[in-house]
Amino acid sequence: MTTALVVCAHGTDNPAGQDVVRSITEQVRRRLPSITVRDAYVDVQIPALPDVVNELVAQHDSVVIVPLLLSSGFHTEVDVADVVAAHAHVVAAPALGPHELLGDVLVDRLHEAGAEAGDPVVLAVAGSSRPSGAADAEVMLDLLRRRWGGPVSLGYLAAREPSVSDAVTAARTDRQQVAVASYLIGPGFFHDRLQRVVDVLVSEPLGDDARLAELVLLRFAEASQPVDAR
């Protein structure tokens with residue numbers, strides 16, 4: 001039996017953000033030389049997820065979709081779920097986050113930006129109107145708090161409150177700088193917005209860190225078990 005892996009990202013018109021997804025996908029491909037690994041997108045970019053899956057189901061016994069997304073939400077619960085529902089031998093893994101590895105990457109990015117232990121941190125998440133997305137953000141907040149030597153609060157870039165700007169204002173003290181942890185895969189629309197927040201340190205997105213590729217592989221291994229058992 002043959003299984004294909006689809007690394008499914010949101011999509012962006014930012015070339016640097018596109019390169020991040022391609023790099024992560026290529027890292028996964030190198031680790032799985034006997035598996036067909038494709039990238040696909042739920043918005044902005046092509047190839048679209050349904051088109052890629054339709055092609056792969058004609059060539060393979062099963063297909064596993066791993067969302068290159070940091071939390072549950074509309075894209076996992078509607079876009080990805082609809083594709084899975086349309087095919088008997090297609091399954092989807094959960095979103096990459098929340099996960100311990102992502103907490104480790106966030107801390108590294110904060111230190112790279114110049115943040116120091118004790119500095120207040122605002123975890124900046126894209127935001128989702130879906131309850132599952134909000135729940136995932138809270139779990140990720142707790143994972144970062146366990147790793148950071150100072151207060152950590154949550155700020156949203158869309159859909160929910162408090163906004164990142166409001167969260168920064170609430171976190172600011174007279175003696176300490178505030179750092180914003182960019183909980184985003186790569187450069188693009190939301191990270192551009194973060195860089196307009198004044199008088200704060202803003203970390204780089206998670207990027208094509210090898211730990212994201214490792215997490216894709218983990219999600220694939222977990223999700224492919226029931227597929228292979230059919």
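The count of salt bridges in this predicted model comes to 14, a salt bridge being a side-chain nitrogen of Lys or Arg within 4 Å of a carboxyl oxygen of Asp or Glu. Because the model is predicted, local features need pLDDT of at least 70 and side-chain atom pairs count only at pLDDT 80 or more, whereas totals for chains, interfaces and linings use all residues. Residues are numbered from 1 along each chain as its sequence is written, and side-chain values use heavy atoms, with hydrogens and water left out.

One of the salt bridges joins Glu214 to Arg31, with the closest N and O atoms 3.2 Å apart. This pair links distant parts of the chain: Glu214 sits in helix α8 (residues 210–228) and Arg31 in helix α1 (residues 15–31), 183 residues apart. Helices (H or I, at least four residues) and strands (E, at least two) are DSSP runs, numbered from the N terminus. Glu214 is partly exposed, at 35% relative accessibility. Here buried means under 20% relative accessible area, exposed over 50%, and partly exposed in between (1.4 Å probe, protein chains only).

Asp209 forms a salt bridge with Arg109, and their closest N and O atoms are 3.1 Å apart. Asp209 lies in the loop between β8 (201–202) and α8, and Arg109 in helix α4, so the pair ties together parts that are 100 residues apart in sequence. Both Asp209 and Arg109 are buried.

Arg146 pairs with Glu100 in a further salt bridge, the closest N and O atoms being 3.9 Å apart. Arg146 belongs to helix α5 (residues 131–147) and Glu100 to helix α4 (residues 100–113), 46 residues apart. Arg146 is exposed, at 58% relative accessible area. Glu100 is partly exposed, at 36%. Salt bridges with shared partners join Glu100, Asp104, Asp142, Arg146 and Arg147 into one network.

The strands include an open sheet of four, ordered β2-β1-β3-β4, with parallel pairing. Two strands pair if DSSP finds at least two bridges between them. The edge strands, β2 (36–41) and β4 (90–92), each pair on one side only. Neighbouring strands of this sheet are turned by 25 degrees against each other on average, direction ignored. Axes are lines fitted to C-alpha atoms, for helices over the stretch in contact, and angles run from 0 to 180 degrees between N-to-C directions.

Strand β1 (residues 3–9) pairs with strand β3 (residues 62–67) in the parallel sense over six bridges. Val6 has Ile65 of β3 as its bridge partner. Helix α2 (residues 49–57) lies across β1, β2, β3 and β4 and runs at about 155 degrees to β2, contact meaning heavy atoms within 4.5 Å.
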